[in-house]
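Reader: I would like a close look at one part of this protein, namely its aromatic side chains and what surrounds them. Please take the contacts one at a time.

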Amino acid sequence: MDKTWWKEAVVYQVYWRSFLDSDGDGYGDLEGVIQKLDYIKSLGVDVIWLNPCFESPDVDNGYDISDYCAVMPKAGTMETFQRLIEEIHARDMKMIMDLVVNHTSDQHPWFVESRSSQDNPKRDWYIWRNEPNNWRSYFSPSTWEYDEKTGQYYFHSFAVEQPDLNWKNPEVREEIYRIMKFWLDRGIDGFRMDAIAILAKQDGFPDAENPEDISYLGNNPGIHEYLQEMNEKVLQHYDLLTVGELAFVKAEEGPLYVDRERKELHTLFHFEVCDYMENWDMLQFKSIQKRWYESLWGRGWNSQFLNNHDHTRLVTRFGNVSTYREESAKCFATMLHTLPGTPYIYQGEEIGMTGVRFDSIEDYNDIAMKNKYKEEIGKRRDPQTVFEELLPLARDNSRTPMQWDANKNAGFTEGRPWININPNYKEINVEEALQDQNSIYYFYKKLIELRKQNQVMIYGTYEPVLEDDEEIYAYYREDGQEKWLVILNISEEDAERDWSQFVSLEDAELLLGNYDLPRSNTLAPYEARIYRL
Ligand code: NOJ
């Protein structure tokens, strides 16, 4: 297998608006990111993924862009942006940015023109029809919005304020390629490609039998032509990392996007876990890992993540925050860093930050949650019931500010934070974590160090054992020089197994574990061990 820096990298996601506020306006900003680069570097990560910071009315936290080549004032200025890249490179790290080109903001001058008349030259830059079909969008009951002035409907996969671009139009594509070069020439090292699998639309927009299953939105014919053209015109001319957000793409289709022979993307996020596995389900998870490993191995590259700014924090969703927060955080970290693929850490994950539960819908900001709430209330449902239903997977769960210390506002801002701080910041914060050698933070650091020193963790084959076991997840990684066995007890009970056929517990070298216990056949709740055989 060919070796590349982005396979060996560990990526740290910075949701800047919740990272560190340097000017007291209540929003994190790029200057705040600069101030904490040494902290990020101290973990050992190689790449920072920065969420969108372009000019935007901000109805979807920057994913509704109104000027692709300007920095939004909340985040800072172009000068700060430029300095951020320099400071990242000076620390021998790289930075990738979001490329959000399935849609723009409805305030983007292109859309303002497009909606001004049916014969405007930009009309065809978006998707207009005389009649809607029955599709649902991600954030609202219909993908179509009627435009009074010109008497037609426009298409939006997300919110009404996020009209989809018409990728069939070559002028649109050329303009996007120009924008991509604009940022690459400013020194960025790649793109996290937002909603990239949904650029191509189904011809004729046929009604769906079951409109609730919105998979018609993505992975449609035409997508690979666009990605190959993008690669030919832009991507292949730079040394970069491209990771596609591939909703609706199944394991067997993954190679179509990332097989290196096809010259499209380097790696991907699939959503079989975050979108389809609400709670921890061991057998389902094992089957997902196996299918993706078998379809990608030797052809393309996977990514490993269990949370991000769209998905509830992993300890809250999959672990146990009441009794085993530290243990479960370390156990999942061990898994994410030893499975095949590039690991992604979402800010705060490294100190075991938890999902939040505010008291009222007013405390929430996320457009997905608020729109769904309104829709359900509109059906005369009980508001409290609807609210409770939306809480577990609400996107704001993971968007609360970074908890730096036990001071006011967790050290995040001197002003009023744009979203409330998680009240547990006095116990869970970076300052605490740095003072405790057993903290989750130091465990992440060790995992990352281990990855740097042992290529088997990156390029080794993956072979699961005890496949039907519902508590234990165990697998070998092997690269011809070394063979490792990772064993994880992803449960709240002790789990005793006979390990003798896989490993001699006395002889094997225990490289890392999250408990200080004798090496017995019994694994404690959320115990994780990595053995070199
Ligand atoms: C995926 C992003 O991660 C999410 O935050 C955003 O709302 C949608 N794409 C639309 O851009």
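Author: In this predicted model, R17 lies over the face of W418, at 5.9 Å from the ring centre.

Next come the ring pairs. A search of the whole structure finds 48 aromatic pairs. One of them joins W110 and W125 edge-to-face, with 5.1 Å centre to centre and 65° between the planes. W110 is in helix α5 (residues 109-114), while W125 is in the loop between α5 and β6 (128-129), so the pair links parts of the chain 15 residues apart. Both W110 and W125 are buried.

W280 and F332 also form an edge-to-face pair, at 5.1 Å centre to centre and 65° between the planes. W280 lies in the loop between β11 (267-270) and α9 (282-296), and F332 in helix α11 (residues 325-338), so this pair ties together parts that are 52 residues apart in sequence. F332 is buried, with a relative accessible area of 0%. W280 has 18% relative accessibility; because buried means under 20%, W280 counts as buried too.

Leaving aside neighbours within four places in sequence, I40 is in contact with residues including Y12, F19 and M93.

Terms used:
Residues numbered from 1 in each chain as written. Predicted model: local features only at pLDDT ≥ 70, side-chain atom pairs only at ≥ 80, totals over all residues. Heavy atoms only, no water. Contact = heavy atoms within 4.5 Å. Phe/Tyr/Trp six-rings, centres within 6.5 Å; stacked < 30°, edge-to-face > 60°. Helix = DSSP H or I, 4+ residues; strand = E, 2+ residues; numbered from the N terminus. Buried < 20%, exposed > 50% of the residue type's maximum accessible area, 1.4 Å probe, protein only. Lys NZ or Arg CZ within 6 Å of the ring centre and 35° of its normal.
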